[in-house]
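Q: I would like to go through this model with you, one topic at a time. Could we start from a single side chain and work outwards?

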Amino acid sequence: MVTYYAWEIMQVQNLIERCLLFHMSQDQCIKALAEHAGIKPLVTLTVWKELQKENKEFFKDYLQVTTPTTTRPFFSRYCKRGPSSGRRKNWK
């Protein structure tokens, strides 16, 4: 039996949140974490389901997002940003 520590679960949660930023589906996320981070699909699925339980409203809206045209209004509700000039500054 494999035991996962709290920090390992938090790491999986962090990676799932990154997948969400890339608008990945649950299946895409599970596949990506298995391939690139060596995380077993069952672990990713379990953490994903716990996140869904804790953030019902977010996932309800997230799962309805299917086209790029609907992505902007959805994420503007959850990710507030200040005004930007549209250009990146180069750091020296």
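Q: Is E50 buried, partly exposed or exposed?
A: E50 is partly exposed, with a relative accessible area of 38%. Here buried means under 20% relative accessible area, exposed means over 50%, and partly exposed lies in between, for a 1.4 Å probe and protein chains only.

Q: Before going on, what kind of model is this, and how are residues numbered?
A: This is a predicted model, in which local features need pLDDT of at least 70, side-chain atom pairs count only at pLDDT 80 or more, and totals for chains, interfaces and linings use all residues. Residues are numbered from 1 along each chain as its sequence is written, and side-chain values use heavy atoms, with hydrogens and water left out.

Q: Back to E50, then: which residue does E50 form a salt bridge with?
A: The partner is K53, and the closest N and O atoms are 3.0 Å apart. A salt bridge is a side-chain nitrogen of Lys or Arg within 4 Å of a carboxyl oxygen of Asp or Glu. By this rule the count comes to one salt bridge.

Q: Where do E50 and K53 sit relative to each other?
A: They are three residues apart in helix α3, so about one helical turn separates them. K53 counts as exposed, at 54% relative accessibility.

Q: What does the overall fold consist of?
A: The protein has five helices and zero strands. Helices (H or I, at least four residues) and strands (E, at least two) are DSSP runs, numbered from the N terminus.

Q: How many residues are there, and what share is buried?
A: There are 92 residues, of which 24% count as buried. The protein exposes about 7,900 Å², and carbon and sulfur atoms supply 56% of that area. Accessible areas come from the Shrake-Rupley method with a 1.4 Å probe; for residues, only the protein chains shown count as cover.

Q: How do α1 and α3 pack?
A: Their axes are 10 Å apart and meet at an angle of about 75°. That makes α1 roughly perpendicular to α3, a label used for angles of 65 to 115 degrees; under 35 counts as roughly parallel, over 145 as roughly antiparallel, and the rest as oblique. Axes are lines fitted to C-alpha atoms, for helices over the stretch in contact, and angles run from 0 to 180 degrees between N-to-C directions.

Q: Which residues meet there?
A: From α1, I9, V12, Q13, I16 and L20 meet V43, T44, V47, W48 and L51 of α3.

Q: Take T44: buried or exposed?
A: T44 is buried, with a relative accessible area of 0%. Leaving aside neighbours within four places in sequence, T44 is in contact (heavy atoms within 4.5 Å) with V12, I16, C29, I30, L33 and I39.

Q: And M10, which helix holds that one?
A: M10 is in helix α1, residues 6–21, and counts as exposed at 57% relative accessibility. The C-alpha atoms of M10 and V47 are separated by 8.9 Å, although the two residues are 37 apart along the chain.

Q: New topic: which residues of α4 are buried?
A: F58, F59, D61 and Y62 are the buried residues of helix α4, residues 56–64. Seen down the axis, they fall within an arc of 165°, so they line one face of the helix; the arc is that of the directions from the helix axis to the C-beta atoms. On the other side of α4, K56, L63 and Q64 are exposed.
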